[in-house]
Amino acid sequence: MGRALGGALLFAAATLLLPAWTPAPTDAPTEPGPAAAAPEPVPEYAENGMVVSAKRAASAAGVEMLRKGGNAVDAAVATGFALAVVHPFAGNIGGGGFMVIRQPDGSVTTIDHREDAPSGATQEVYLNDEGTAVRSRSRRGYLASGVPGTVAGLLKALEEHGTLDRETVMAPAIRLAAEGFPLPHTMAEDLNDRYDAFAAFPATKQYFTKGRASNKYRPGEQFVQNDLAQTLRRIQERGRDGFYEGKTASLIAGQFQENGGLIDEQDLAEYEAVEREPVTASYRGYTVHSMGPPSSGGVAIAQLLNAAEMKDIDRMGFNSSATAHYLGEAMRRVFADRAKWLGDPDHVEVPTEGLVQKDYMRRRMASFDSSRITPTDSVRAGEPMLARESMETSHYSVADSSGMAVSVTTTLNSGYGSKVMIDGAGFFMNNEMNDFVLKPGVPNQFGLSGTERNLVAPDRRMVSSMSPTIVEDPQGRLSLIIGAPGGSTIITTTFQVIMNVIDHGMNVEQAVTAGRLHHQWKPRHLSYEEFALSRDAVRNLRARGWEVTEGVFGGNPRWGRAQGLRVKHPADRPGLERVFYGGSDPRADGAAVGF
Ligand code: DON
C-alpha cells in the first residue's frame, strides 16, 4: 500500500472517530477573526514623555517629575508612591513588585522587590494537623503576608538611577494622602461592597469603612489618609529606615506578633531589593526584555514568543481558530514548564537559559497538530538544558525624552491583599504567601500549581507571574513598554499585546483593548474574553478537541488592565527624536498622561 493511500485511509478512519466536522489540518484562518476591536481607538499622544498607570492622579504625579526635569525613574517612583495612595486596591507600600529599567544607552537592568517569606515561615504553618493545606491562611489575615519590598525597591531605583531627591518624588503622594482626593465611583462602590471583609480587621474597618455597612462612601467625596501621609513622611525623611526600622517597622512587627503573624522587626530590617539581569528574547527582529525569576513572567513570555515566531500569526488571523489553537497549545506547554521549573533563583536552580532557547520551544511544539489538540495527559513539562550557572496587581509604564524607560508591576496579590491594615500607619499588607506552593498538588488562588521548588521556606521569594516588559525595535530603539495585572493571565496578556503590536500592526490603545485568550495548562480549558472569539472560531476550536470557556477563574468575563506605552521615532520631524503614544486598558479607569 502506497504511503499516500495509507495516509488517506488513516485520515478517513480518524475522521470517523472525530466529532462530526473537523477543520482541515491547516494554519490558514477558517473564519474571519472578530474585528480586533471594531473602530481603531486613539491613543494619547505626547512629545516629551509619558506615564501610563491605573489612576490618572498617579500618572500625573509621574509627569510632574518629568516636567521638573526628572528622568523616567524619578517619574516611576513618584507614580509608585502615588498609586499606594489613590489605588489602595493594588498600589502599595505593603506589597512588592518588579521593575525593568532601560537606560538611554540601551542597557537594561531589573530591580526585584518581591516580598520574601518571613524567617519563621515553614510549610507546616499552612498545613493543619492532618497535613491538609489550609488555603485561607495564605489568603487572609496575618499569616498571609510576606515581608514587603515596595519601599526598598522604589528607593533603590531612585538612589541608583534617579536624579531628583526623595523630598521631591514623594511630595505628590504625600499631598494626595494628606489633602485627599475625590473618590472615583469605581473605588467608592468597591469599598462599599467589601464592608464585611474589611470590618473583620479593626484597623481596616477604621480606615476603609464608615463604621457601619449602611454608611456608604459616595463618589466624589474627599478621601483623606492622614496616618498614611505620616508613614510616607517618615520614608521621605529617613529613606528605607523610615519604613524598615523605627516607628513603622515596630507597628508592623508589633501587630503581626500580637495577632499570630510571622513578620518580626529583624525580617523587616534585613529585607533587601535585588538587582538582577533581565530575561531577553528576540522576536521578529525586536528585542524583548522582561523580568526573570523569581518571576516566571519573562521566561514564559520568551517561550511564548519563540513559539509564535515559528508561525505567520498575522496571516493566520487575529484570534481566528487557527491562531487560538496554536497559541493555546503553546500556552499549555509553557505553563506546564512554569509549574515544574520556576522558583526563587537564590534558593533553587532555575534553568532559565535552557527554557528560553528557541530550539527548546521548537522541540516543545513538535507534537503540535493543526487539526487536533495534543491529548491533555501527554502535555507535561519539558526537559530544558540545565544551565551551568545559574486578583490585584497594577502595572505602570514610563518613558522620558532621553530614551530611558521604566516598566513596573506591583502587587498586594489579591485586591487589598490580606485585608489587614497596619493600625497607626494606614496601609494594607499583602497576601503574597498564597503564591507559594502550600503543598505539591494544591493550586493557588489562580489555579497555578508548582513543585517543591516553590514551597514555603524561610526568606524565599514566591514565584510570580508579573511581567514588566520593555521592547526595542529592530534598530535597537525603544519601542514598547508594557505589563498588566491578572495573576497567571499577566503572562498571556502581555504576550498578546506584544503580538498585537508586532504581528497585527495595532496601535497601542487598540493592542491593549483587543480581546484575549488564556490557557495555563491546568485547568484544561482554553479561556476567552467574551468578545475575543467569534462563534465560528469557538465551534472550530471545539471541533479540534478544546474545552473552550468564556471567562477565567470561575467566570471573570474579562481580565488584564494592561498599561502600554509606544515610542516611535518620526523620520519627518527633524529635531524630534521620539514621540509617545499611551494606551490605558479600557477595562479599568487608568490613564495615559504625557506632556
Ligand atoms: O505575583 C503574582 O503573580 C501575583 N501575586 C499577581 C496577583 C495579581 O495579578 C492579582 N491581580 N489581578
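Modeller: Helices (H or I, at least four residues) and strands (E, at least two) are DSSP runs, numbered from the N terminus. This is a predicted model, in which local features need pLDDT of at least 70 and side-chain atom pairs count only at pLDDT 80 or more, while totals for chains, interfaces and linings use all residues. Residues are numbered from 1 along each chain as its sequence is written, and side-chain values use heavy atoms, with hydrogens and water left out.

Biologist: Where does W521 lie, and what is its phi?

Modeller: Most residues other than glycine have a negative phi, and most peptide bonds are trans. W521 has a positive phi, near 75°, and lies in the loop between strand 14 and strand 15. P523 is placed in the loop between strand 14 (517-518) and strand 15 (526-528), and the peptide bond from K522 to P523 is cis, with omega near 0°.

Biologist: Is the peptide bond from P293 to P294 cis or trans?

Modeller: That bond, from P293 to P294, is cis, with omega near 15°. P294 belongs to the loop between strand 9 (286-290) and helix 13 (297-309).

Biologist: How do the axes of helix 5 and helix 9 cross?

Modeller: Two packed helices are described by the angle between their axes and the distance between the axes. Here the axes of helix 5 (residues 166-179) and helix 9 (residues 226-238) come within 8 Å and cross at roughly 175°; axes are lines fitted to C-alpha atoms over the stretch in contact, with angles from 0 to 180 degrees between N-to-C directions. The two helices are therefore roughly antiparallel, the term for angles over 145 degrees.

Biologist: Which residues of helix 5 and helix 9 meet?

Modeller: Contact means heavy atoms within 4.5 Å. Among those that meet are M170, I174 and A177 in helix 5 and L232, I235 and R238 in helix 9. The residues of this contact divide into 9 nonpolar, 2 polar and 5 charged (Ala, Val, Leu, Ile, Met, Phe, Trp, Tyr, Cys and Pro are nonpolar; Asp, Glu, Lys and Arg charged; the others, Gly among them, polar).

Biologist: How many residues surround the ligand?

Modeller: The ligand is surrounded by 15 residues, the closest being T393, E432, D435, S464 and S465; a residue counts if one of its heavy atoms lies within 4 Å. By class, this shell has 4 nonpolar, 7 polar and 4 charged residues. A side-chain N or O atom of T393 is 2.4 Å from an oxygen atom of the ligand, and a backbone N or O atom of S465 lies 2.7 Å from a ligand oxygen atom. The protein covers 99% of the 340 Å² of accessible area that the ligand has on its own, by the Shrake-Rupley method with a 1.4 Å probe.

How values were computed. Angles under 35 degrees count as roughly parallel, over 145 as roughly antiparallel, 65 to 115 as roughly perpendicular and the rest as oblique. A polar contact is a pair of N or O atoms within 3.5 Å; within protein, one must be able to donate a hydrogen and the other to accept it, and residues adjacent in sequence count only if both atoms are side-chain atoms.
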